[in-house]
Amino acid sequence: PPCLSPSLSLSLPVSLPPCLSPSLSPPPPPVQPVLQPLRLSLDKLRDVSSRLHKGLVQGLGKHSHHRAAVKMLPTFVRATPDGTEKGDFLALDLGGTNFRVLHVRVLQAEQKVVKMDSQICVVPKDMMTGATQQLFDHIASCLGDFIASQELKGQTLPLGFTFSFPCEQKEIDKSILIRWTKGFNCPGVEGRDVVTLLRDAVRRRGDYDIGSVAMVNDTVGTMMSCGYKDQSCEIGMIIGTGTNACYMEEMKNVKRVEGEDGRMCINTEWGGFGDDGSLRDIQTEFDQMVDKTSINPGVHIFEKMISGMYLGEIVRLLLLRLSEEKLLFKGQKSEVLQTPEIFQTKFISEIEEEDTGLDNARRILTQLDLQWDEADVRVVRLVCDTVSSRSARLCAAALATIANKMRLNRGLDRLQTTVGVDGTVYRKHPNFSEELQLTVRLLAPECSITFLVSEDGSGKGAAMVTAVAQRLALHSASFSCHPEVRH
Ligand code: BGC
């Protein structure tokens, strides 16, 4: 195998292949007890997967949903693209520190989604936790400037709004925020309809208008943007600042929405897995600390163990512990290293880089004002590898749970499906995607899963969701017209 994780290699009686990074050569024994709780065996992952499966079923149930940690939110997306979609759309994308506005064209003849233009507006940190009206006025103002610059004033284009937070959707254009995640915490938005907040802000400006709105989670946008290229794409997954996945579920299992036929895309919000205590046995003291010091303690436990917003902090806490135990930096920890969030998740990727990793580690440790020696550099690389590897394996366990469920739903011996994926951890980390795919194959051997990295799911995907919604609406309108035509 090209690159085994330490967790995997420990359980296999093979000598390590030469390609393995030096960090994976046997570490100094005293470090092992600190890292051991982060190493999850395949059996443990299977166990985690069966707990998640129970969680998915609970989230879908009419009477169990209200106490479910994994929310399993209906998205009112009832179909993936069929290649007949077309037209011009606006797309908004809010989910991280930037807010984006895009003008997107879907070209049916070429089966292509083209981004005509886009603009990025920074969301200042204080706005992420400030007043609701201020945030939505900022969004409306960026959108207004963009519409003016594109000379689109006077046209009322349909708009896809990628809003990457857990929302209870009542319809495609009615979406109530359940809770903020990923560093956002504007008081007063939870429990309110995001489309109304957007429309109100546009109305306050009064200088432009918007057409129909489709609310889209980023996982759904990711699935739909890949779905135009590959119509067997029925899962969307994000592993970036936050983490989540959506998939096409049978309507008969979606007990909270009327109707038995066909499928609907479910936004799992798997980041909330563990919020009911079901991951307590694998949460380490470092995970508990990350949770306790976050702005939303007690919630999104799974996300806090695996996503980009938190991985760097887990590594920092481990480095502090190892230096306290005199296993790193000769027992000296710098003041810089004691600053929360100073160890960025991108450092993990840089340190694990195959050729340049050790040099990167030396540079980063110097930046952090640490007195290191060569043995420290290797231990730090091992710590990064252990944390990122646990993330990849837990993410694999969650994805395998969904794929297995889809296969059983459909009564198939073998499921062939495609996952649209996005997120910085997946894209930028040198071994993450490989380890994720390897582990999914082990945990879901009856599923052949193709991974497709999405190209701008939050922009083009949102336009695609809007386009599919329009196609279905037109279809049902013409369908319901037929009897009258016959009269
Ligand atoms: C949010 C999800 C989102 C994910 C990835 C999570 O924090 O709850 O809605 O899909 O991050 O952006």
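Mentor: Let us begin with a definition: a crossing is left-handed if the near helix is turned anticlockwise from the far one by less than a right angle, and right-handed if clockwise. In this predicted model, α11 passes α13 in a left-handed crossing.

Trainee: How do you know that α11 and α13 meet, and at what angle do their axes cross?

Mentor: Contact means heavy atoms within 4.5 Å, and by that criterion Ile348, Ile351 and Glu352 in α11 meet Val380, Arg381, Cys384, Asp385 and Ser388 in α13. The axes of α11 (residues 345-352) and α13 (residues 374-409) come within 9 Å and cross at roughly 115°.

Trainee: What makes α10 largely enclosed?

Mentor: A residue is called buried when its relative accessible area is under 20%. In α10, 14 of the 17 residues are buried, so the helix is largely enclosed by the rest of the structure. The helix covers residues 308-324 and reaches 25 Å from its first C-alpha to its last, close to the 24 Å expected at 1.5 Å a residue. Just after α10, lysine 326 takes a positive phi of about 60°.

Trainee: Which residues of α15 are buried, and how do you know on which side of the helix they lie?

Mentor: The buried residues in α15 are Phe432, Glu435, Leu436, Thr439, Val440 and Leu443. They cover an arc of only 130° around the axis, which puts them on the same side of α15.

Trainee: Which residues does UniProt list for the domain "Hexokinase C-terminal"?

Mentor: The unreviewed UniProt entry lists residues 234-468, a span that is 49% helix and 14% strand, with its end C-alpha atoms 14 Å apart.

Key. Residues are numbered from 1 along each chain as its sequence is written. This is a predicted model: local features need pLDDT of at least 70, side-chain atom pairs count only at pLDDT 80 or more; totals for chains, interfaces and linings use all residues. Side-chain values use heavy atoms; hydrogens and water are left out. UniProt positions are given in the numbering used here, feature names are shortened, and annotations may be inferred rather than shown by experiment. Helices (H or I, at least four residues) and strands (E, at least two) are DSSP runs, numbered from the N terminus. Buried means under 20% relative accessible area, exposed over 50%, partly exposed in between (1.4 Å probe, protein chains only). The arc is that of the directions from the helix axis to the C-beta atoms. The expected span of a helix is 1.5 Å times one less than its number of residues. Axes are lines fitted to C-alpha atoms, for helices over the stretch in contact, and angles run from 0 to 180 degrees between N-to-C directions.
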